[in-house]
Amino acid sequence: MAVVIIMENSRSAIFALYHVLCRFSSREEPLSIEKIRALLKQEHSLSLTRTTLRSYLKALDDFGIRIAAVPGGRYLAGRQFEESEVYLLSNAVHSAHFISSAQSEALIRKLLATQSRSFEKQFHESVHLENRRKINSPALLQNIETLLSAIQQRKAVTFAYLHYDLRKQLIPKRQKPYHVYPYFMVMENDNVYLLCKSPSHPEHFAHYRVDKITDIDMTAETIPPLDDDMDPYTYTAQRKFMYSDAVDTITLRCHLRMLDDLIDQFGSALSLAPADDEHFLAHLHASRQGIVYLALQYARYCEILQPADLRQEVISILQDTLKRYEIE
């Protein structure tokens, strides 16, 4: 890489100073004036007098970039992100299985570049394991950009949709491209979903995982408007596990061991009441099949009371399951 020589009176000099403070200073490792001068020489081949350096430090501070002065020197106190924010965001990117390893590394590099190199080293030392659940979805970010453009411009899109085969390879679910009206993207079940409607079934929403979309194209077709009261987050909150069937009023009888998990999953949408010393009643609006899945997951601690036909559906499933486990 070519070395760019920055002159002392160059407008670029103040940016070089900001870079040095950003990447080398921290509350734990403040930089003396002489150390800053040495780093400017090392990183940018820039020599500043002490007087010029102090004037540039004041100019940054006057502009609103906080530079703290402590007994050991100075450090950049006003950053785009706090260390805790970068740590949280970087870990979220690392753990997100729908973001490919290469995309994760690129995003994390951008986040860590807002902090000192000592913090960057600490972060890499704290992440010991590769996320083996990550899928190979190199087009994810491009998909998001295309879908955002289509949603903003109110245009239909076409795409291929993938699913796994027994070789653990992602293959097209069907040969014919999907043709949909995109309206929202939401985060649910640790995945990014596209909420859309089909021209052939405009009365219902469909959901597609964005990381499993490929070969997406925005068309010239303008999509019809939605009702103003449509709230995508209320919609997804009522469709746990992203089942798209009808929403119903559900009553559950649950063991107190389920209380934290149920509140984590449904939040303020729940209405709770005590049942006895060990159980409570939960009333909520949710997709019927999503609740069936929940009840089977927590079969030891959860019982559907209402509606009666949904309760009977779970009973039938459990009876069929028991038959498969009976010893012949």
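Is Arg50 buried, partly exposed or exposed? Arg50 counts as partly exposed, because its relative accessibility is 37% (buried means under 20% relative accessible area, exposed over 50%, partly exposed in between, with a 1.4 Å probe and protein chains only). This is a predicted model, where local features need pLDDT of at least 70, side-chain atom pairs count only at pLDDT 80 or more, and totals for chains, interfaces and linings use all residues. Residues are numbered from 1 along each chain as its sequence is written, and side-chain values use heavy atoms, with hydrogens and water left out. The whole structure holds twelve salt bridges and zero disulfides.

**Salt bridges**

- A salt bridge here is a side-chain nitrogen of Lys or Arg within 4 Å of a carboxyl oxygen of Asp or Glu.
- Side chains of opposite charge can pair when their charged atoms come close.
- Helices (H or I, at least four residues) and strands (E, at least two) are DSSP runs, numbered from the N terminus.
- Glu34 has 40% relative accessibility, so Glu34 counts as partly exposed.
- Arg117 and Glu43 form another bridge, at 3.7 Å from N to O. Arg117 lies in helix α6 (residues 117-126) and Glu43 in helix α2, so the pair ties together parts that are 74 residues apart in sequence.
- Arg117 is partly exposed at 38% relative accessibility. Glu43 is partly exposed too, at a relative accessible area of 28%.
- Glu303 and Arg311 meet at 2.8 Å, N to O, in a further salt bridge. Salt bridges with shared partners join Arg253, Asp276, Glu303 and Arg311 into one network.
- Glu303 has a relative accessible area of 28%, which makes the residue partly exposed. Arg311 is partly exposed at 31%.

- Strand β6 (residues 191-198) is mostly covered, with seven of its eight residues buried.
- Strand β5 (residues 178-188) runs antiparallel to β6, and seven bridges join them. Two strands pair if DSSP finds at least two bridges between them.
- Glu188 has Asn191 of β6 as its bridge partner.
- Two residues stand between the strands in the hairpin of β5 and β6, where Asn189 takes a positive phi near 55 degrees.
- Strand β7 (residues 201-209) pairs with β6 over six bridges, in the antiparallel sense. Two residues lie between β6 and β7 in their hairpin.
- Cys196 has Ala206 of β7 as its bridge partner. Cys196 is buried, with a relative accessible area of 0%.
- In a regular strand the side chains alternate between the two faces of the sheet.

- Strand β1 (residues 67-70) and strand β2 (residues 73-76) run antiparallel, joined by four bridges.
- A hairpin of two residues connects β1 to β2. The bridge partner of Ala68 in β2 is Tyr75.
- Ala286 belongs to strand β11 (residues 279-287). Ala286 is buried, at a relative accessible area of 1%.
- Ala286 and Thr249 are 37 residues apart in sequence, and their C-alpha atoms are 6.7 Å apart in space.

**Cysteines**

- A disulfide is a pair of cysteine sulfur atoms within 2.5 Å.
- The closest cysteine sulfur to that of Cys302 is in Cys254, 4.0 Å away, so the two are too far apart for a bond.
- Cys302 counts as buried, at 10% relative accessibility.

**Second largest pocket**

- The second largest pocket holds about 180 Å³ of space. Grid points are joined across faces, edges and corners, and the volume is the space filled by probe spheres set on the points.
- On a 1 Å grid over the protein atoms alone, a pocket is an open set of points where a 1.4 Å probe fits, with protein on both sides within 12 Å along at least five of seven lines; lining residues have an atom within 4 Å of a point.
- The lining includes Ser26, Arg27, Arg66, Tyr75 and Gln115.
- Four lining residues are nonpolar, two polar and five charged (Ala, Val, Leu, Ile, Met, Phe, Trp, Tyr, Cys and Pro count as nonpolar, Asp, Glu, Lys and Arg as charged, and the others, Gly among them, as polar).
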